[in-house]
Amino acid sequence: MAMKIRLARGGSKKRPHYAIVATDSRMPRDGRFLEKLGTYNPLLPKDSEDRVKMDMERVQHWLDQGAQPTDRIARFLEAAGVKEKAERKNMKKAEPGDKAKKRAEEKAAKAAPAEAPADEAAE
């Protein structure tokens with residue numbers, strides 16, 4: 001059985017509240033789980049101690065059993081000092097697309113000749 005430690009969403013529309021659960025990876029996000037390990041309330045301030053609550057003994061038990069934490073849970077565990085900080089992949093999401101790069105190059109090419117005569121006229 002492929003075990004995961006992940007978030008199960010609760011709360012109403014626009015007011016999320018998550019349970020940190022140990023579950024089989026084949027189960028739905030908010031579906032059946034084996035054990036509730038804690039809670040996460042993203043609406044609370046980041047420095048609030050009630051924002052993330054976890055039963056660290058049980059989390060460690062499931063990690064020892066081979067459960068894989070999701071990315072968000074891994075960050076929580078890193079903040080708690082249970083797991084060493086992993087190097088993350090740079091997905092280049094902030095990099096502009098091909099068309100945007102071409103537009104920027106064309107704009108720079110147009111701007112370069114326009115600046116050259118202005119420099120010569122000033123001299």
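A residue counts as buried when its relative accessible area is under 20%. Keep that cut-off at hand while you look at these close-ups of a predicted model.

**View 1. Phe76 sits in helix 2 and partners a tyrosine from a strand.** Is Phe76 buried or exposed? Its relative accessibility is 11%, so Phe76 falls on the buried side of the cut-off. Now look across to Tyr40, which is buried as well, at a relative accessible area of 9%. The rings of Tyr40 and Phe76 make a tilted aromatic pair, with 4.8 Å from centre to centre and 55° between the planes. This pair ties together distant parts of the chain, since Tyr40 belongs to strand 3 and Phe76 to helix 2 (residues 71-80), 36 residues apart.

**View 2. Three aromatic residues gather into one cluster.** How many aromatic pairs does a search of the whole structure find? There are two. One of them joins Tyr18 and Tyr40, and this pair is stacked, at 5.8 Å centre to centre with 25° between the planes. Here too distant parts of the chain are linked: Tyr18 lies in strand 2 and Tyr40 in strand 3, 22 residues apart. Tyr18 has a relative accessible area of 19%, so Tyr18 is buried. Together, Tyr18, Tyr40 and Phe76 form the cluster shown here.

**View 3. Strand 3 pairs with strand 2 and with strand 4.** Start with strand 2 (residues 15-24), which runs antiparallel to strand 3 and is joined to it by five bridges. Why is strand 3 described as largely enclosed by the rest of the structure? Because five of its six residues (35-40) are buried.

View 4. Zoom in on Leu37: beyond its neighbours within four places in sequence, its contacts include Ile5, Ile20, Val21, Ala22, Met54, Val59 and Trp62. Leu37 also contacts Lys53, Asp55 and Arg58. In soluble globular proteins, nonpolar side chains tend to be buried together.

Terms used: Residues numbered from 1 in each chain as written. Predicted model: local features only at pLDDT ≥ 70, side-chain atom pairs only at ≥ 80, totals over all residues. Heavy atoms only, no water. Buried < 20%, exposed > 50% of the residue type's maximum accessible area, 1.4 Å probe, protein only. Helix = DSSP H or I, 4+ residues; strand = E, 2+ residues; numbered from the N terminus. Pairing = 2+ DSSP bridges. Phe/Tyr/Trp six-rings, centres within 6.5 Å; stacked < 30°, edge-to-face > 60°. Contact = heavy atoms within 4.5 Å.
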